[in-house]
Amino acid sequence: MAYSAKGGNYIINPGDAIIDMIPMLSGETDIIEINRSFFLEENITSDTKMTEPLKVIGNIVNMSGYMKLSLNVEMKYKALCARCLLPLDEVIVLNFVKTAAVAKSLENEETDEVITEYALIEENKLNLADIAEEQLYLEFPSRHLCSQDCRGLCQKCGHDLNESDCGCSLTEPDPRLEVLRSLLKDTDNKSETQSKTHKTHKTEDEETGNVCTDKLIN
Ligand SMILES: [Zn+2]
Ligand SMILES: [Zn+2]
């Protein structure tokens, strides 16, 4: 159910993401405005798919001593609900600031630190695709849900439990869940002081049998 990871149909012009830094490095200008759009070469995760070029807006300002890069990145993409596999239209918007620095001047610093704290200028160029992609990896949701209380699919028959109950899980309990249940009962016996609401909630989970359907997407 995964989308192809490589941007098969994307029109990628590498130049769209490249900022020429020579005007600032030579002292000709103190501000470079940025307003670009481009696809990344790969989707951020294998089960999501960009639907439009990224919008990258911001500027680079020479602060006399260092260069400040401020960016707003917007990406529209398709994802699947991690529980019921419903296709979702999503958008992620990031705002962040980095120090732009010439790669050569940072040669003595620790590599990991350089990557996360600086936007590197290499051969007088800043690659916005690399910078946006790195930030997206950091802040991308680990999973998507159609709603917080999505009930997912039945693990036995695949029925969408948001539509109705299928009854499977009640008549034929999964043996692996039985082990879990006996463990939970042990825990209950040991902690008599446990609150009543907590116990009620646990019983509901048992009835639906809707445990860990998140694994389905993998
Ligand atoms: Zn769902
Ligand atoms: Zn079922």
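Modeller: Let's start at a turn: Ser64 takes a positive phi near 45 degrees in the hairpin of β4 and β5, where 4 residues lie between the strands. Keep in mind that this is a predicted model, so local features need pLDDT of at least 70 and side-chain atom pairs count only at pLDDT 80 or more, while totals for chains, interfaces and linings use all residues. Residues are numbered from 1 along each chain as its sequence is written, and chains are lettered from A and ligands numbered from 1 in the order in which they are written.

Now let's look at the nonpolar core. Such a core is a set of buried Ala, Val, Leu, Ile, Met, Phe, Trp, Tyr and Cys residues joined through C-beta atoms within 7 Å. Buried means that 20 or more other C-beta atoms lie within 10 Å of a residue's own (12 or fewer is exposed, in between is partly exposed), with C-beta atoms placed from the backbone. The largest core has 26 residues, and Leu54, Ala100 and Leu128 have the most contacts inside it. Two or more of its residues come from each of β4, β5, β7 (118-122) and α3 (128-139), and β5 gives the largest share, 8 residues.

Which residues does Leu128 touch beyond its neighbours within four places in sequence? They are Ala17, Ile19, Arg36 and Val56, where contact means C-beta atoms, placed from the backbone, within 7 Å. Leu128 is one of the buried residues of α3, together with Ile131 and Ala132. These three are on the same side of α3, because they cover an arc of only 95 degrees around the axis; the arc is that of the directions from the helix axis to the C-beta atoms. The buried residues of α3 pack against β1, β2, β4, β5, β7 and β8. The helix has 12 residues and should span 16 Å, which agrees with its end C-alpha atoms being 16 Å apart; the expected span is 1.5 Å times one less than the number of residues.

Strand β7, another contributor to the core, has two partners to look at. It runs parallel to β6 (residues 87-102), joined by 4 bridges, with Thr99 opposite Tyr118. With β8 (residues 125-127), β7 pairs in the antiparallel sense over 2 bridges, and Glu122 stands opposite Lys125. That hairpin has 2 residues between its strands, and Glu123 in the turn has a positive phi of about 50 degrees.

Finally, here is the wider setting. The protein chain has 6 helices and 8 strands, and 18% of its 218 residues count as buried.

Technical notes. Pairing = 2+ DSSP bridges. Contact = placed C-beta atoms within 7 Å.
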